[in-house]
Amino acid sequence: MLQMQCLNLAPKFNPLQSPGCSRKFASPLVTQRHKSSIKCSSQSSFSFPNQNKITHNNDKPPYKPLVPLALQDGHALQQSEDDNKPAAAPSFLEVVKRKLNAISHVTRYYAQINIIVSVTSVCFLPVQSLSQVTPAFLMGVLKAVVAQIFMNISLCSLNQICDVEIDKINKPYLPLASGELSMGTGIAICAGSALLSLALAFLSGSPAVLCAVIAWGLTGAAYSVPLPFLRWKSHTFMAPFTLVILMGLILQIPYFIHSQTYLLGKPFEVTGPFVFATAIMSIYAFVNGLLKDLPDVEGDKAFGMQTLCVLLGKEKVLPLCVNMMLLGYGGAVVAGATSTLMISKLVTIIGHIILALMMWLRSRKVDLDNFDSQFGFYMFLWQLNYVEYILIHFLR
């Protein structure tokens, strides 16, 4: 009965706009306590039945009555019905898109880009002429890249499985921490990718590729798994040194051997570009292992992770990383100066000076109190890493 009166009266009569009403009731807050009636100067009273029974409990939030909504715009019933409508179910394509986006965060797409760039670049280091780049050579490189990608996906998944509680503090947007993907799905991605990687490495026929994915899997597991003498990421220097083993050694040595001996059929020989690539990428890896902890200090402290950022503070770790990278770029400039080819000298020297300047300028803009700023600098270093894999081919 109350609703029918609201619906009928609202469009016909608005007491707040009536010129005969007292101005002290001109406020739209008609629902304010004790305003159970609206009195006009005509000495008549406009009231609603049982209005005096509507009370507010100070211990509970007041509900939204229909009466004031009807007095304001005459759409009380329509708004109430809209509020009660269930949310529309997402379409099949929306569900698929959301799941694929969650899987991309589990697998860390930027890490897979690094695998593609690094393995391909290292496999091309022993190449001396374009005639050696045959379809068989390219297929051998592709087999190595795909096998390594799947093992890396397995380790990225394993790391998030083991860190799910910490990520609820540090990175709550990640799919396992947020619940977007179940733990069972994460385990399936981890195990399935590892098995597929081993199968592809075995079918490639290259002992170096098989050794690389096995070494990558064991080292990555030791980095993440919370078992005695393992969980290296929780130790001050083992975390960055583990990344040196992974990115500086395993991504360089086995795949150089794979290309030189298995694909090109040459005896193993240590070359200058190979030594330079191993050295500069080891520096990148060590700095990467320190910078990745910049945004994670709060969660690492809560779970007793003894990272260098926790022990020294972000204010000291960031300049340390910048100085290490500048030292590495300085060594690259010196190495380029010793090249016998003018084009190699120019590209290597100028290229690394530009990278050093870009990195230094970007580091000065990092806000250590802002997650996006810290993570952005970390991702910027990955981009410099990709460029480095191009520059190493000019050192001849």
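Helices here are DSSP runs of type H or I with at least four residues, and strands are E runs of at least two, both numbered from the N terminus. Counted that way, the protein has 18 helices and 2 strands. Keep in mind as you look around that this is a predicted model.

Let us begin with the overall picture. The protein has 396 residues, and 45% of them count as buried. If you take the contacts between residues at least 6 apart in sequence, 70% of these join residues at least 24 apart. Inside, the largest nonpolar core holds 84 residues, and the members that touch the most others are Y255, Y284 and L291. The element that gives the most to this core is α6, with 12 residues.

Now turn to α6 itself, which spans residues 135-162 and packs against α5, residues 109-124. Their axes are 9 Å apart, and the angle between the two helices is about 145°. The crossing of α5 past α6 is right-handed. On the α5 side, the contact is made by A111, Q112, I115, I116, V119, T120, C123 and F124. Facing them from α6 are F137, L138, V141, A144, V145, Q148, I149, N152, I153 and C156. By class, this contact of α5 with α6 has 14 nonpolar residues, 4 polar ones and no charged ones.

A144 lies in helix α6, and it counts as buried because its relative accessibility is 0%, where the cut-off for buried is under 20%. Beyond residues up to four places away in sequence, A144 touches V119, V209, Y255 and H258. You have already met V119 in the α5 side of the contact, and Y255 among the core residues that touch the most other members. A144 and S206 are 62 residues apart in sequence, while their C-alpha atoms are 8.7 Å apart in space.

Helix α17, residues 342-363, and helix α18, residues 371-391, have axes that come within 11 Å and cross at roughly 180°. That angle makes α17 roughly antiparallel to α18. From α17, the residues V347, G351, H352, L355, M358, M359, R362 and S363 meet G376, F377, F380, L384, V387, E388 and L391 of α18. The contact of α17 with α18 divides into 9 nonpolar, 4 polar and 2 charged residues.

Finally, look at some loops. Q252 sits in the loop between α11 (238-250) and α12 (253-263). Is Q252 buried or exposed? Its relative accessible area is 1%, so Q252 is buried. Apart from neighbours within four places in sequence, Q252 is in contact with V122, M247, F274, A277, T278, M281 and Y389.

The loop between α10 (207-224) and α11 holds F229, and R231 is found in the loop between α10 and α11 as well. F229 has a positive phi of about 70° although it is not a glycine, and R231, also a residue other than glycine, has a positive phi near 55°. As for accessibility, F229 counts as exposed at 80%, whereas R231 counts as buried at 11%.

Notes. Residues are numbered from 1 along each chain as its sequence is written. This is a predicted model: local features need pLDDT of at least 70, side-chain atom pairs count only at pLDDT 80 or more; totals for chains, interfaces and linings use all residues. Side-chain values use heavy atoms; hydrogens and water are left out. Axes are lines fitted to C-alpha atoms, for helices over the stretch in contact, and angles run from 0 to 180 degrees between N-to-C directions. A crossing is left-handed if the near helix is turned anticlockwise from the far one by less than a right angle, and right-handed if clockwise. Contact means heavy atoms within 4.5 Å. Ala, Val, Leu, Ile, Met, Phe, Trp, Tyr, Cys and Pro count as nonpolar, Asp, Glu, Lys and Arg as charged, and the others, Gly among them, as polar. Angles under 35 degrees count as roughly parallel, over 145 as roughly antiparallel, 65 to 115 as roughly perpendicular and the rest as oblique. A nonpolar core is a set of buried Ala, Val, Leu, Ile, Met, Phe, Trp, Tyr and Cys residues joined through side-chain atoms within 4.5 Å. Buried means under 20% relative accessible area, exposed over 50%, partly exposed in between (1.4 Å probe, protein chains only).
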